[in-house]
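Reader: Could you walk me through this protein model, one step at a time?

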Amino acid sequence: MAQRHDEHKTNPVDSQYPFTGIIKCGNCGKNFMRKSRRGRGMWQCYNYLYFGKSTCFAKQIPEDVLYDISTDVLGLTEFSYDIFKKRIQEIQVPAPNALVFLFYTGEKVQREWQNRSRSASWMDEMRAVASIKGSQRTVLPSIQWAFIRHHHKTWRKA
């Protein structure tokens with residue numbers, strides 16, 4: 001029984017997300033937290049998430065960018081959770097689109113990235129759904145108004 005309890009002591013979030021507790025905001029000093037939106041992981045400063053822009057103006061970091069840059073900084077061809085945890089002590093976010101990796105050895109490596117344009121992040125399925133929704137916005141209101149005008153006359157007669 002005690003052994004089973006010890007097996008579950010590890011933090012499941014930490015084992016699932018290697019960046020938990022590692023990313024520090026350069027504006028306010030708080031940790032970044034993971035949020036998920038439309039199936040994409042993003043990392044954002046705790047103060048910004050819970051208290052808004054007035055407390056911290058740090059920009060979010062796409063999770064795929066964190067994985068790509070971490071892999072590059074570590075000199076790997078694909079991301080390794082074990083190597084990352086053994087070598088990276090902290091990731092600082094001194095400015096938008098900038099990261100500073102602090103190694104346990106004391107080495108510091110800085111990297112920057114460019115945000116993707118919104119049009120580049122749209123998949124074909126997303127474009128199709130947006131097109132359908134756009135056409136519904138133009139067709140439905142005219143149908144609704146025609147319905148209302150027609151029934152308004154019949155309601156007034158009654």
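This is a predicted model: local features need pLDDT of at least 70, side-chain atom pairs count only at pLDDT 80 or more; totals for chains, interfaces and linings use all residues.

Reader: In which order do the three strands of the open sheet stand?

Author: Let's build it from the pairs. Strand E2 (residues 32–37) pairs with strand E3 (residues 40–45) in the antiparallel sense over six bridges, and E3 pairs with E4 in the antiparallel sense over two bridges. The order of the sheet is therefore E2-E3-E4.

Reader: Which strands stand at the edges of this sheet?

Author: Look for strands that have a single partner, because such a strand has one side left without a neighbour in the sheet.

Reader: Which residue takes a positive phi in the hairpin of E2 and E3?

Author: Good one to find on the model! This hairpin has two residues between the strands. The positive phi, near 55°, belongs to Arg38.

Reader: How much space lies in the largest cavity?

Author: The structure holds one cavity of 30 Å³ or more. To find the largest cavity, look for its lining residues, among them Asn27, Phe57, Val93 and Pro96. The space in the largest cavity is about 40 Å³.

Note on methods. Residues are numbered from 1 along each chain as its sequence is written. Side-chain values use heavy atoms; hydrogens and water are left out. Two strands pair if DSSP finds at least two bridges between them. Helices (H or I, at least four residues) and strands (E, at least two) are DSSP runs, numbered from the N terminus. On a 1 Å grid over the protein atoms alone, a cavity is a set of points where a 1.4 Å probe fits but cannot get out, and a pocket is an open set with protein on both sides within 12 Å along at least five of seven lines; lining residues have an atom within 4 Å of a point. Grid points are joined across faces, edges and corners, and a volume is the space filled by probe spheres set on the points.
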